Structure formats: structure tokens, C-alpha cells
Amino acid sequence: DRFGNLITNIGLSLLDDLAFEVKDGAVETQLGEHRILGLVDHYAEGASGQPVVLIGSRGCLEIAVNCGSAAETLRASRGDGVCVKKVI
């Protein structure tokens, strides 16, 4: 988006269908070589400059950077693959 947040097409319903326990943060999101553990509820929950993952207002998984651009920080572009897995 215009803030540099990375909005995926991975919806909360897909995560629920795959039996992810998204509420307890037992999720790892990978974009290229970057791995982000857990989910936050709000963009500001992450440390300044650090990537976070959340379910955005459209119900899809987003990668954001508090006080920054995830696109720039993670050197990501439209169409880059994102992998989400349950952490055991």
C-alpha cells in the first residue's frame, strides 16, 4: 500500500481452515530470507524499524514495519512469495 505495508492474499479464513492457532502467535511468516514470528494486533506493537505481521482491516495477512516501510526494509516487490507456517 502507499505506506509500504505488504498486503497478501492470505486471508484469516484460510489460516483458520488450515488449523493455525493465530490467536496464540504460533505462526511464522517468511518473505525471502526474512522470518517473522507471531502476529500482532496493531502496527505500533512492533519495535521501531522491525517487521511485524498482522491481520489487516481487509482480513488479510499484512507485513508492516513500525515507523517505516516494509517494502523498503525487506526489499520486497509485488508478487514476491510469502510462506506462513505453524510453529510447533
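The protein has 2 helices and 6 strands (DSSP runs numbered from the N terminus: helices are H or I with at least four residues, strands are E with at least two). This is a predicted model, where local features need pLDDT of at least 70, side-chain atom pairs count only at pLDDT 80 or more, and totals for chains, interfaces and linings use all residues. Residues are numbered from 1 along each chain as its sequence is written, and side-chain values use heavy atoms, with hydrogens and water left out.

Reader: What pattern does the protein follow along the sequence?

Author: Start with the tally: 2 helices and 6 strands. Read in sequence order, they give β-α-β-β-β-β-α-β.

Reader: Which strand gives the most to the lining of the largest pocket?

Author: A pocket here is an open set of points on a 1 Å grid over the protein atoms alone, where a 1.4 Å probe fits, with protein on both sides within 12 Å along at least five of seven lines; lining residues have an atom within 4 Å of a point. The largest one has a volume of about 360 Å³, counted as the space filled by probe spheres set on the points. It has 17 lining residues, and Leu 6, Ile 7, Ser 77, Arg 78 and Gly 79 are the closest to its centre. With 5 residues, the top contributor is strand E1 (residues 6-11).

Reader: Is Cys 67 buried or exposed?

Author: Cys 67 is in the loop between strand E5 (60-65) and helix H2 (70-73), and its phi is near 65°, a positive value in a residue other than glycine. Because its relative accessibility is 70%, Cys 67 counts as exposed.

Reader: And Arg 75, buried or exposed?

Author: Arg 75 is in the loop between H2 and strand E6 (82-86). Its phi is also positive, near 50°, in a residue other than glycine. Its relative accessibility is 76%, so Arg 75 counts as exposed.

Methods. Buried means under 20% relative accessible area, exposed over 50%, partly exposed in between (1.4 Å probe, protein chains only).
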